[in-house]
Amino acid sequence: MSYAYFFGCVIPSRYPGIEYAVRWVMGPEGLKLDVSDIEEFSCCPVPGIFYSTDRDTWLALAARNLCLAQKNKSEIVTVCNGCFSSLLKATEYLSEPKVMGQTNKVLSKIGMKYTGIPERVEGSNRRVFRPVSVRHFVGIVHTDETMKALSESIKRPLKNIKVAVHYGCHYLRPTENTAIDDPNDPIKVDDIVKILGAESIEYDDKLACCGAGGGVRSHIVELANALTEDKFKNISNENADVIVTPCPFCLLQFDTAQKSFTKRGIPVVHVAQLMAIAMGADLSKLGLELHNVSCNPLLAKIGVTEVSR
Amino acid sequence: MTEMQFEPKIIAFCCNWCSYAGADLAGVSRFQYPPNVRIIRVMCSGRVDPSFVIEAFKQGADGVIVAGCHPNDCHYISGNQKAATRAEFLTSFLEEVGIDPSRFKLEWIAGSEGEKFASTVKRMVEEIKVLGPLGSEVL
Amino acid sequence: MGEVEKVFISGLREKLIEDKVITEQDLVPEFASEIIRYGGKDVMTCLQCGNCTGVCPISLKIEYKTRTTIKYCQFGMKSHTLSTRWVCATCYRCYEHCPADLNPAELMIALRHIAVREGIVPPFVKTAASNLLRYGLTVKPDEAMLKEREQLGLPQAAITKPGWERVKKDINTIIETTKYDRLLGITNKEEGE
Amino acid sequence: MEASPETKQPEKEVIGVFVCHCGTNIGGVVNCEKVAEIASQIPGVVVSKDLKYACSDLGQEEIRKAIKEKGLNRVVVASCSPRLHEYTFKNCVEGAGLNPYFMHMVNLREQCSWVHMKEPELATGKAANLVKMGIERSRLSTALSPREVTVEPSCLIIGGGIAGIQAALDIGDKGFKTYLVEKEPSIGGHMAQLDKTFPTGDCAICILAPKMVEVARNKNVEMLSYSEVVDIQGYVGNFTVKIRKKPRYVMEEKCVGCGVCAEKCPVKVPNEFDMGFGSRKAIYVPFPQAVPLKYTIDRENCLHFKTGKCQLCVKACVNEAIDHKQEPEEIELKVGTVIVATGFDVYTPTRKGVYRYWEYKNVITALELERLINAAGPTGGHLVRPSDGVEPQRIAFIQCVGSRNLKIANKYCSRVCCMYAMKNSQIIMEHSPDAEIAIYYNDIRAFGKGFEELYHRVREDYGIEFIRGRPAKLTKDPVTENITIRAEETLLAKITEREFDLVVLSVGLIPNPGTAPVQKMLSLPVSDDGFLAESHPKLRPVETAIEGVFICGCAQGPKDIPDSVAQAKAAASAASTLMIKGKHIVEPLYANVNEELCVGCGLCAELCPYHAIEIAEKDGQSKAVVTEALCHGCGTCAAGCPQHAINQLQFTDQQLMNELTAALAAKNSAGGE
């Protein structure tokens with residue numbers, strides 16, 4: 001299966017290191033998956049803005065991205081919970097023929113039409129239209145095959161590292177939209193962390209929100225930070241060395257909020273960055289020095305030279 | 001059809017235990033509905049052979065309703081499920097032969113739902129009046 | 001609009017209960033059906049058990065209470081309810097725990113739809129939406145970060161390539177077609193242009 | 001109506017039509033004279049009359065007279081719904097010597113005059129058309145006779161809880177042979193596990209044990225404990241039942257229940273009757289008042305079965321009752337009626353649920369609490385909490401666990417939890433007056449006799465606190481193992497956190513897993529909630545869609561002890577009615593195979609919900625064969641037969657098509673003729 005990268009808005013403009021890490025992990029030096037770029041991909045669009053205020057606009061904008069993947073016959077790889085949830089929900093909305101028709105009316109203005117990818121039914125002349133498949137980076141990495149490849153490509157095992165995994169809401173909920181993991185007991189990121197050699201710690205309210213979503217961060221940053229503080233307390237109680245998340249927006253929140261309530265910050269990295277570290281990527285390319293909370297204590301504990309510029 | 005308004009002919013197959021009783025209750029409660037419908041009593045909606053429905057259209061019915069007990073309420077355990085399966089087949093069949101599938105309806109009407117029976121007939125008559133006589137649709 | 005921004009934290013309860021008795025004039029009876037139209041379909045099914053409030057991270061922090069909001073919606077207290085619309089983090093925990101299988105998060109989203117149509121648009125929504133019109137992304141591209149990309153050896157960003165003009169044009173066309181720009185009162189012109 | 005002799009099919013139809021005015025009910029809208037006049041023009045109709053009241057003595061006499069005088073062999077009565085008066089008019093024509101199945105009713109009242117009251121002309125037209133439909137249909141009527149089956153005077157009762165016990169007592173007392181089958185070693189069911197009963201506070205076992213003894217002593221009741229029903233075949237009045245008696249490895253006739261064997265047995269295992277809190281031996285009776293008081297060896301844990309040695313119990317038993325070589329035994333019974341009383345099970349909280357039942361020792365279910373406060377329980381009725389054996393002072397009950405929850409698909413209210421939570425708090429308070437008890441609830445349902453009074457009493461006398469709100473989060477103190485509950489107290493509109501020593505989950509009731517196999521064997525319908533469905537929720541509460549099979553107790557839905565007992569008595573009465581009559585009349589609606597057309601494809605057999613059709617060899621060819629006694633007359637087979645080889649009596653394809661053609665031949669569809 002061929003994949004198409006979908007980086008969204010937060011990664012390119014705030015954490016380009018994540019983009020590097022994802023490309024490196026999935027690319028020829030890493031897991032050797034067939035991933036390409038679709039340059040016309042724009043914003044997913046952000047559920048907290050568009051899905052919240054006008055579903056028709058949200059759906060047409062999301063369908064535009066889906067049309068691009070449909071033309072390319074590729075599965076979309078999202079690296080952000082927001083993009084994942086927004087695009088996946090859009091495919092579900094579009095499975096309703098009436099909704100699809102209305103959306104296509106809008107799309108006709110830009111010469112596009114969403115149908116899903118035509119496929120022949122095996123052993124017959126009938127064809128079906130398969131919805132464009134929207135995948136989360138974590139879901140792609142977490143297969144028996146890739147996990148095996150991953151375990152064989154560890155160059156810097158993360159011994160003695162205590163990782164606090166934060167899944168983020170739209171990775172888990174609402175369950176019927178995002179069922180790629182057990183919503184009450186998710187394991188996939190923990191599994192990845194363990195394969196990298198680190199310890200994934202249990203902490204109270206692990207599945208709680210980072211505080212940023214749904215426009216809360218943009219609207220009342222103090223409220224968002226107060227929620228992050230709750231989570232941070234539970235994490236620091238367990239003496240975590242690093243917070244790992246599969247979502248750049250949660251990462252952004254943890255990374256920027258910490259200074260509002262603590263001096264002893266805990267570094268935050270994207271799961272792809274942690275994988276890249278363990279798999280032996282060039283540390284200077286992971287953009288770790290761009291994070292607000294310094295990642296140096298983590299790197300020191302892993303036993304690699306600190307990066308600074 | 002020039003001198004008078006089009007009056008659709010509607011056949012309703014009603015199961016004895018729920019829908020026929022529902023129609024009776026509509027009467028007892030004096031819920032009024034248009035006289036275009038003819039009820040044919042069967043013991044169970046599962047008794048309705050798809051060929052009955054096709055035959056009805058062949059003989060000039062403008063609409064056909066099959067009414068049975070609500071899911072899990074069938075007097076004969078699962079006859080209504082079988083009716084539902086046949087209705088699915090009928091819907092696609094009617095589409096194939098160029099009859100608007102909305103001329104055929106499967107409805108669950110309980111013995112306590114007199115009002116639902118009346119409103120179902122009313123709605124069906126209105127819808128078919130919009131569609132016109134059988135054969136006027138262009139699919 | 002300015003007032004609305006204050007109300008959500010200063011406490012809805014006090015305002016409602018201490019200031020006055022609610023009378024029929026304060027209620028909008030068709031509020032529930034309006035919410036249902038915008039996707040908050042189960043609003044009337046709520047049995048007021050309070051589980052949603054208990055699991056809501058926001059309810060722990062401020063006077064906003066998920067359950068009470070649903071009650072307000074059922075009751076028709078439109079203006080009071082619209083003032084709390086942007087505090088929901090859409091974490092969907094309320095939905096996961098609701099024994100009546102309601103989706104309060106979607107209800108909040110329906111409230112946002114209604115608020116926007118009443119002209120209550122928070123500034124950050126306008127900014128993000130105009131960014132999309134102007135740059136094709138909701139987060140305004142950052143010159144410094146574009147430089148960082150070069151440092152990291154990443155491929156040239158698509159937004160700096162000539163093909164991006166077409167993307168922006170398509171996005172503008174979509175938003176004009178759905179009249180979203182008029183709904184929010186935004187344009188693709190840079191400020192001061 | 002009595003069975004009438006088979007009459008010969010007449011060659012030509014001589015039809016009489018009788019249009020009833022029903023006072024003004026029909027006549028006030030429909031022009032009945034005109035309808036009769038139109039009908040008289042139809043070929044074959046020799047009499048067509050309008051009658052003021054067809055169902056009155058006068059009206060009926062008129063019909064009978066016409067049959068005799070004009071030699072009618074078809075009678076069409078156009079009056080009210082056949083659901084009301086079909087029997088009346090069948091009896092009427094039968095009185096004139098005509099086979100009742102030659103009478104056909106047309107429904108002019110409920111389905112014409114009453115629903116088209118403002119359009120008398122259209123209604124008259126429609127009425128004429130309806131009569132025509134009836135005439136055309138009646139042309140194809142055939143002479144039929146209702147079938148009579150004999151009812152075996154014996155009853156099988158499945159499930160030995162309070163409902164099954166009560167039903168067995170009632171039927172046994174009426175003098176009918178009764179088989180009471182229970183899968184556990186003792187009868188008694190869940191009621192035997194309970195401490196006291198709400199709202200009166202009677203001790204459960206004290207009122208149950210005498211009934212258990214009574215049923216064991218009843219001469220007409222044969223108790224088959226530690227047994228399971230494995231197969232049921234047949235139909236009303238004539239069921240053949242296969243029962244498997246599981247080996248106790250103790251000969252029932254020799255065991256006196258002295259218990260010396262258990263004293264000597266070296267194996268101790270957790271006692272499931274005490275919800276795992278206490279222990280029992282590998283040879284055991286589940287509880288001291290067990291009936292029959294016969295010991296049972298638990299094969300899983302017995303050392304002899306594990307090692308081939310031990311045999312301490314064998315040495316201890318002076319009556320030589322123990323036999324490790326016992327085999328399961330199969331018994332076949334013939335019964336006329338069946339009562340299903342398979343009861344309930346309690347809901348088990350999910351492993352990853354909010355209430356942490358699987359993680360926190362001090363979170364227990366209500367049934368576990370029942371054992372912990374029961375004087376005969378593992379702690380002698382002294383409530384202690386599982387983590388440290390200390391008496392808890394602060395106790396919380398959480399209501400609606402596993403009930404009224406769409407997320408786990410249990411939409412229904414379990415009907416007992418509110419009251420048992422109050423009852424248990426009362427018992428706890430009587431033991432430890434200083435305890436503090438809070439009940440987290442959504443709605444309190446105190447609907448039964450004396451329930452509201454108990455609700456009042458626990459507030460007044462014991463100060464039980466009722467907190468309206470569904471807890472959102474439970475956390476455990478790592479040291480004390482106390483539990484903190486976070487919930488929105490909805491009446492305060494505040495989120496609170498309170499600490500408790502013990503949390504009791506008021507778990508709901510779900511269908512007993514033992515119900516499903518019985519339900520499949522008997523093809524019993526199930527309601528939305530997963531419990532067995534009664535024939536009519538109000539008027540036929542213990543009957544089922546399968547004639548001769550009745551339900552009672554929690555197998556039908558969650559209920560308390562008084563309701564279970566009442567329903568058991570109702571089921572016993574309904575079953576006895578059948579057995580007292582000794583016979584049962586079945587309407588001739590059954591399916592009929594045209595063997596010339598049948599190709600033996602078996603589709604009908606597959607469609608039949610009652611397994612009434614089999615494919616059998618006949619003269620070297622496969623043909624569908626209908627067991628008329630099993631056929632309920634739904635006609636699903638007839639609708640599904642690709643050959644149109646199977647038909648349903650009284651509702652044949654041709655009859656229905658005649659009706660259809662007549663309906664569609666009408667000139668003006670709104671008005672008819």
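Analyst: Let's start with one pair: Arg41(B) and Glu86(D) meet through their side chains in a salt bridge, at 3.6 Å from N to O. By salt bridge I mean a side-chain nitrogen of Lys or Arg within 4 Å of a carboxyl oxygen of Asp or Glu. Across the interface of chain B and chain D, that rule finds two salt bridges.

Before going further, a word on what we're looking at. This is a predicted model, where local features need pLDDT of at least 70 and side-chain atom pairs count only at pLDDT 80 or more, while totals for chains, interfaces and linings use all residues; side-chain values use heavy atoms, with hydrogens and water left out. Residues are numbered from 1 along each chain as its sequence is written, and chains are lettered from A and ligands numbered from 1 in the order in which they are written.

Back to chain B and chain D. There are 20 residue pairs in polar contact between them, both residues at pLDDT 80 or more. A polar contact here is a pair of N or O atoms within 3.5 Å; within protein, one must be able to donate a hydrogen and the other to accept it, and residues adjacent in sequence count only if both atoms are side-chain atoms. On the chain B side, strand 1 (10–15), helix 1 (19–28), strand 2 (37–42), helix 2 (50–58) and helix 3 (79–96) each supply at least two residues. (Helices are DSSP runs of H or I with at least four residues, strands are E runs of at least two, and both are numbered from the N terminus.) Helix 1 of chain B gives the most, with seven residues. By class, the chain B side has 27 nonpolar, twelve polar and eleven charged residues, where Ala, Val, Leu, Ile, Met, Phe, Trp, Tyr, Cys and Pro count as nonpolar, Asp, Glu, Lys and Arg as charged, and the others, Gly among them, as polar.

As for the whole contact (heavy atoms within 4.5 Å), it takes 50 residues from chain B and 57 residues from chain D. The buried area is about 4,300 Å², with 57% from carbon and sulfur atoms; that's the accessible area (1.4 Å probe) that two parts lose on being put together, summed over both. In chain B, Pro35(B), Arg38(B) and Arg47(B) lose the most area to chain D, together 17% of what that side buries.

Now set chain A and chain C beside that. Their contact takes 61 residues from chain A and 59 residues from chain C, and they bury about 5,200 Å² between them, 65% of it on carbon and sulfur atoms. The count here is six salt bridges; one of the pairs bridged this way is Glu106(C) with Arg55(A), whose closest N and O atoms are 2.9 Å apart. There are also 18 residue pairs in polar contact. The chain A side has 27 nonpolar, 17 polar and 17 charged residues.
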